[in-house]
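Hi,

Here is the structure I promised to pass on.

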Amino acid sequence: MEETDREAVATAVQRVAGMLQRPDQLDKVEQYRRREARKKASVEARLKAAIQSQLDGVRTGLSQLHNALNDVKDIQRSLVDVNKDWRQSINTIENLKDVKDAVVQHSQLAAAVENLKNIFSVPEIVRETQDLTEQGELLQAHRKLMDLECSRDDLMYEQYRMDSKNTRDMNLIHIYFGDMQKLSEELAKQLWMVVQRSLVTVRRDPTLLVSVVRIIEREEKIDRRMLDRKKQTGFIPPGRPKKWKEKMFNILDRTVTTRIEGTQADTRESDKMWLVRHLEIIRKYVLDDLLVAKNLMDQCFPPHYDIFKKLLSMYHQALSSRMQELASEDLEANEIVSLLTWVLNTYKSTEMMGNSELAPEVDVNSLNPLISQSVVDQLLNKYMSTLTSNIIGWLRKALETDKKDWIKESEPEADQDGYYQTTLPAIVFQMFEQNLQVAAQISEDLKTKVLLLCLQQMNSFLTRYKEEAQLYKEEHLKNRQHPQCYVQYMIAVINNCQTFKESIISLKRKYLKNEMEEGMSSSHTNMDVILDTIAKEGCSSLLDEVFMDLEPHLNELMTKKWLTGSNAVDTICVTVEDYFNDFARIKKPYKKKMTLEAHRRVVVEYIKAIMLKRVSFKNADERKEGAERMIKEADQFRFLFKKLASGSGEDTEGLCDVIVAIAEVIKLTDPSLLYLEVSTLVSKYPDIRDDHIAALLTVRGDASRDMKQTIIETLDQGSSQPNPNYVPIFKEITVSTISVPKLLK
C-alpha cells in the first residue's frame, strides 16, 4: 500500500512539474487545482458506482443459490417418496399380466372379427377377381386383390404380434389365402402384356395403359408402407415388396431390345442389301416409337416416372448393343460403309434423333456414341484393307477387259470430238468416284484416305498399263497383220493417257483440300511421267509402223534409180499423209509432238540415205540435177508437214532446211568455193562430224583426196559456237564403219 502511495505521489509530482515549466504558469495554479479536483471527484464517483454494481450482482447470486438449494432438497424428498411408492406397486403390476394378455387377445379377435366377412368370402372374392381380370377390368380386379391382401396381412401381423415363433398358424393363414398369390401373378401377367404393347396400346386405348400405371403406383405405395412397418416391427407379409415399377421398366427394356433385334428380315444370302434394309427399318421404328412416347405415353405416366427419357435411354442402349453385334460380324466393305454411315451420321441426323419433333427433349450433342472409337477404327482399318484388295482386283479386271478390246476387229469408240478411246479411264474413275462418294458420307478423314489409296493404286496400275502396252506392241511386231486394228487401238491407248491426266486432276480438285495437295505433288508428277512415257512409246510405235512401210521407199533414195527418176518421195508423202489421217484421232498434246517427231525422222532418214553413199555424181550436170531434186523433195516434205501441223502452231520448216543446205553443197559448181560452202553447213549444224563431211564429199564425186583432207583438217582447226536453241540432227546419223583416212583414199 505504501509502495502504491509512493508511485501515486511520484506521478503527481511529475504531472505538476509538467504543468509548471514556465514562470507565467504560476498564475494558473488555482485553475489547475480546481481542474484536478473535478477529475478526482469524477473518478471517485465512477469507482463507487462500479463497486455498488458488483455488490448488487453478488447479492442476487447468493439469493439464487439459496433458492436452488431449497429446490434440490424438495426434489430429493420427492424421489424418496416415488421410490417408496414403486416398491409398494411391484406386486400390483405382476397381478395385471393377465389383463395385458387379454388386451392382446382382444386386439387379435377384433382384427379377426373385422376381417371375418372377407375371411369367409375369400373363395368368392377370388372367383370375382379372376373373372374381372379375364374381362380386362384390371382396376376393379386389383381393388379386390388389395382387400384380400389387406385381410391376410392384418391376420398375419396380429399372429406375429401374439407369437412370432408360431409358424404353424402363419402357414395356415398363408395356405388359406394361397389362391390370392396366383391371382396376383395372373394380374401381373395382364399388366406386363399391356406394358409390352404400350406403344400400340397408348394409340388405341390409352385408358388401359393409365389403369396399369395406377395399379403399379398402388403397389408401390403398399410396398413402401410394408417396408416402413418392417423397420418398426420386423414383420413383412410374404411376396412383399413386389417391386412392380422396377419390373415394368425391365419389361420395357426387354421389349425395346426385342423390337430392335427383330427388325432384321433378311440375311446376306437372301439379299445383298440386307444391312441397309435392316438399318432403315430400325431408323423408322425408333423414330416412330420415340414420337409416340413423347406425344402420347408421356401423358399416361406420372411426371416423376420421366418415361420419355427412360425410353430414350433404353432405345439408345439397345441400339448400341445391336450396333456392337453387327460390328463384330464378318462384314463386307459395302456393309461396313453402311454401318458406319448410319452410326456416325444418320443416327444424329434430322432423319432420326435430330428430328425437330423430338426437340428439345432429345439433344443429339449429349448422346453418347453408339460404338466406341476403337471399334470405329477397327472397322475403318478393315474397310481400307478390303477396299485395297477390291481396287487392285477391279483395276486388274478392268485392264484385262480393255486388253480383250485391243484385239477386236472393229475400231474403238470415239468421243464427241472424234478421238479414239476405250472405256478403261471411265471405268477406273467411275469406280474411284463411287468409293470416294461413299467415303465422304462417313467422314472427311476417310474420304482423304480413300483418295490417297486410289491415287497410290493408280500409280501401280499405270506401271502395269505401260507394260501391257509394250507387250501389245511386241506381239504386233511378230505378225503385223494382227491385230487388225492395231493402229486405232494404240491411238486409243495414247488418248487414254491424256484422259487419265485430266481425270486425276479433276479427282484431286474435287476431293482434296488445297493444303494437302502440295504433299501429293510428287505422286502426281510420277503419274504424269508414266503417262507421258506410255504416250511417247505409243507414238513411237506408231511411227515405227509408218517407217516400216516406208522402208522400201527410203531405200530408193540417193540411188541410180532415184537419180534417173523415181516416185519414192511421192509415195513416202502419200503414205505418211494416209497414216496421219488416222493419227488425226490422237489428242492434240500428243499429236503435236508426234507430227514434229515424224517430220524429224523423215529428214533424218533422208540424210541417212545421203550418207550411205549409194550414189556418186560423175559430173556437174548430175550434181545439179540431184541437188535440184533434193531441194524439190525438201519442199514436198515441208509442204506435207506444214499441212499436217496446221492448227498446232508449231514451226517445222527449219527441219527441211538441212536437206537444202546439203543440196547446196552438192550443187556447187566451183570446187574452190567448196570449203566455204562446207564451213557454212558446219556453222549451221555444229553436230556434223568429219565422217559426215567425208561422206558428203564422196557423194559429190569431184573432190580429190587432198581436197577432202584439207577441208576436214581446216574445219577441225576452226571452232564453232553452237546456238543454245539448236536441236542436234546429225548426232544420231551414222556413217559406214570405213574410217575417214580410207574415205580420203
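Below are my notes, going from the whole chain down to single residues.

First, some ground rules. This is a predicted model, so local features need pLDDT of at least 70 and side-chain atom pairs count only at pLDDT 80 or more, while totals for chains, interfaces and linings use all residues. Residues are numbered from 1 along each chain as its sequence is written, and side-chain values use heavy atoms, leaving out hydrogens and water.

**The chain overall**

The secondary structure comes to 29 helices and zero strands. Helices (H or I, at least four residues) and strands (E, at least two) are DSSP runs, numbered from the N terminus. Of the 745 residues in the chain, 41% are buried. Buried means under 20% relative accessible area, exposed means over 50%, and partly exposed is in between (1.4 Å probe, protein chains only). Among contacts with a separation of 6 or more, 76% come from residues 24 or more positions apart; a contact means heavy atoms within 4.5 Å. The chain exposes about 42,200 Å², and carbon and sulfur atoms supply 52% of that (areas come from the Shrake-Rupley method with a 1.4 Å probe, and for residues only the protein chains shown count as cover).

Helix H22 covers residues 568–583, and at 1.5 Å a residue its 16 residues should span 22 Å; the end C-alpha atoms are 22 Å apart, which agrees. The expected span is 1.5 Å times one less than the number of residues. The buried residues of H22 are Ala 568, Val 569, Ile 572, Cys 573, Thr 575, Val 576, Tyr 579, Phe 580 and Phe 583. They cover an arc of only 165° around the axis, which puts them on the same side of H22; the arc is that of the directions from the helix axis to the C-beta atoms. Val 574 and Asn 581 are exposed on the other side of H22. As background, an α-helix has 3.6 residues a turn, so residues three or four places apart point the same way.

Leaving aside neighbours within four places in sequence, Arg 259 is in contact with Tyr 285, Asp 289 and Tyr 315. Its charged end sits over the ring of Tyr 285, 4.4 Å from the centre. That label requires NZ of Lys or CZ of Arg within 6 Å of the ring centre and within 35 degrees of the ring normal. Lys 310 does likewise over the ring of Phe 249, with its charged end 5.4 Å from the centre.

**Aromatic pairs**

The structure holds 16 aromatic pairs. Rings of Phe, Tyr and Trp (its six-membered ring) pair if their centres lie within 6.5 Å; planes under 30 degrees apart count as stacked, over 60 as edge-to-face and the rest as tilted. The rings of Phe 461 and Tyr 465 are stacked, because their centres are 5.9 Å apart and their planes are at 10°. These two are four residues apart in helix H17 (residues 444–478), so about one helical turn separates them. Phe 461 is buried at 0% relative accessible area, and Tyr 465 is buried at 0% as well.

Tyr 606 and Phe 637 make an edge-to-face pair, since their ring centres are 5.8 Å apart and their planes are at 80°. Tyr 606 lies in helix H23 (residues 588–611) and Phe 637 in helix H24 (residues 620–644), so the pair ties together parts that are 31 residues apart in sequence. Both Tyr 606 and Phe 637 are buried.

One aromatic cluster is formed by Trp 406, Phe 429, Phe 432, Phe 461, Tyr 465, Tyr 472, Tyr 486 and Phe 500.

Most residues other than glycine have a negative phi, and most peptide bonds are trans. Here, a cis peptide bond joins Ala 359 and Pro 360, with omega about 0°, and Pro 360 is in the loop between helix H14 (333–346) and helix H15 (373–406). Another cis peptide bond joins His 482 and Pro 483, with omega about -5°. Lys 243 is not a glycine, yet has a positive phi of about 55°.

Cheers
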